[in-house]
Amino acid sequence: MHLLGILLAATAFWMANSGHYKPLMLGFAAASVVLTLILSLRFKIVDREGSPYVRLLGFLAYVPWLTWEVLKANWVVIRACLRADLDISPALVKVRTTCKSDLAKVTFANSITLTPGTVTVEIQGDKMLVHGLYEANTVPESFIGMDARCARAADPKGAAS
Amino acid sequence: MMLAALIALIVSMCLLLIRALMGPTLYDRVLAVNSFGTKTVLLIGLMGFVMGRSDFLDIAILYTLINFVSTIAVLKFFRYRSFQVPLARRGESRAEAPVTGGEPNA
Amino acid sequence: MPEAASLMPLDWNTIRVALGGALSLLGALLCIVGTIGVLRFPDVYTRLHAASITDTSGAGFVLFGIALMAPDWIVLVKIVCILIFLMLTSATSSHALANAALTAGLQPKIGSMRKGPHEDEASP
């Protein structure tokens, strides 16, 4: 089942990147896809995180919001870079997340890191250590919205995995 | 305008080399090299469009992935001094004490 | 009808190429801004923030610019692939870098960096 998901993704990636559809090339494609499957079986990465098709809609709804947040945060950091005086005040805060599954936690930590001005430094259990560029912007309350959206996008309904 | 963008990218790569050469710690250098790799990807993509050959984008995809792998490899090597250590964190008691320094001054 | 379209100075291809060039230039300038931040900021953790400008908005604008100039759909798919990979890998490698620096015992500088009357409270 999950193997089928990886097969589908690998074939789609090859088709989108190649643009050659002669029989010889298709034979090479089949060989490379089979090799990829064998390798991923050896690495034991064929599980439900390897083919997250079920939550694709959630991620698609999450990405535009994240893009807007990244653009807003970019403006703050660009101004901080170009100021004549260096008026930054870095801070470390602990943020507690409500995300249950590993995938949701990774999504949340990567979103924090992707927005300029905040970097996730350490994850232990459901607590994260976040380094921020401005002390006033980096309080645990400012991550609640992102946390809720990540939990909605990546967590399965109800049960934790 | 594409040429101006190319020149701006090359200027910023040269500025980044300064940080890579005189970074005080190892991590500054790794950060500079990682960022340099990102800019190289952009440079390859832009150069392909200036030359009118979109084959360069394949090289850009490859360079993105190799840049990531090399950054992780360098960091892993300087953390464990070996490539033979599994990266798994769960269920493993780390040698260092859990990080306590740098509490927020609240 | 094609003659009229080619006589018009503002057809879609012209706009596309001009807008793509302008967006690429904007992204490259943002890369320079991020580099200036990397050169100016005081320690590793703050430099990470400056580098993430380059990785998110600089790369995003440059790739969006060349995506506007893409001649066919296969090039577009490749650019979108580069964008997705770049976003995923840059966030992960920033996190790995920060975590490695903290594990190695590098303490971040906390508190206001402003040289002023409040200098005595936080920064050493």
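Reply: **Where chains B and C meet**

Let's start with a pair: Asp28(B) and Arg47(C) form a salt bridge, with 2.4 Å between the closest N and O atoms. The rule asks for a side-chain nitrogen of Lys or Arg within 4 Å of a carboxyl oxygen of Asp or Glu.

Before going on, a word on the ground rules. This is a predicted model, in which local features need pLDDT of at least 70 and side-chain atom pairs count only at pLDDT 80 or more, while totals for chains, interfaces and linings use all residues. Residues are numbered from 1 along each chain as its sequence is written, chains are lettered from A and ligands numbered from 1 in the order in which they are written, and side-chain values use heavy atoms, with hydrogens and water left out.

Across the interface of chain C and chain B, the rule finds two salt bridges. Besides the pair above, there is Lys78(C) with Asp58(B), at 3.1 Å from N to O. That pair crosses from helix α4 of chain C to helix α3 (residues 56–80) of chain B; helices here are DSSP runs of H or I with at least four residues, strands are runs of E with at least two, and numbering goes from the N terminus. How buried or exposed are the partners? Lys78(C) has 6% relative accessibility and so counts as buried, whereas Asp58(B), at 34%, is partly exposed. The classes use a 1.4 Å probe on protein chains only: buried is under 20% relative accessible area, exposed is over 50%, and partly exposed is in between.

Now the whole interface. Counting contacts as heavy atoms within 4.5 Å, 48 residues of chain C touch 46 residues of chain B. The size of an interface is often given as the accessible area lost when the parts come together. For chain C and chain B that buried area is about 4000 Å², with 79% of it on carbon and sulfur atoms; the figure is the accessible area (1.4 Å probe) that the two parts lose on being put together, summed over both.

The rule also finds six residue pairs in polar contact across the interface of chain C and chain B, both residues being at pLDDT 80 or more. Such a contact is a pair of N or O atoms within 3.5 Å; within protein, one must be able to donate a hydrogen and the other to accept it, and residues adjacent in sequence count only if both atoms are side-chain atoms.

On the chain C side that touches chain B, α2 (12–40), α3 (44–68) and α4 (73–103) each supply at least two residues. The biggest giver is α4(C), with 17 residues. By class, this side of chain C has 34 nonpolar, 11 polar and three charged residues. Ala, Val, Leu, Ile, Met, Phe, Trp, Tyr, Cys and Pro are taken as nonpolar, Asp, Glu, Lys and Arg as charged, and the others, Gly among them, as polar.

One residue of α2 in chain C is Gly27(C). Gly27(C) has a relative accessible area of 0%, so it is buried. Beyond neighbours within four places in sequence, Gly27(C) is in contact with Gly58(C), Phe61(C) and Val62(C). Its C-alpha atom is 15 Å from that of Val17(C), 10 residues away along the chain.

What about the partner, chain B? Its secondary structure comes to three helices and zero strands, and buried residues make up 37% of its 106 residues. Of the contacts in chain B with a separation of 6 or more, 46% are between residues 24 or more positions apart. A caution on confidence: pLDDT, the predictor's confidence in each residue from 0 to 100, averages 79 in chain B, where 81% of the residues score at least 70. Residues 90–106 of chain B fall below 50, and beyond near neighbours in sequence this stretch has 19 contacts in the model.

For comparison, look at the salt bridges elsewhere. In chain A, Glu69(A) and Lys72(A) pair up at 3.3 Å, N to O; they sit three residues apart in helix α3 (residues 56–82), about one turn of the helix. Also in chain A, Asp126(A) meets Arg96(A) at 3.6 Å, N to O. This pair links distant parts of the chain, 30 residues apart: Asp126(A) is in the loop between β2 (118–124) and β3 (127–132), and Arg96(A) is in strand β1 (residues 91–96). Asp126(A) is partly exposed at 29%, while Arg96(A) is exposed at 54%.
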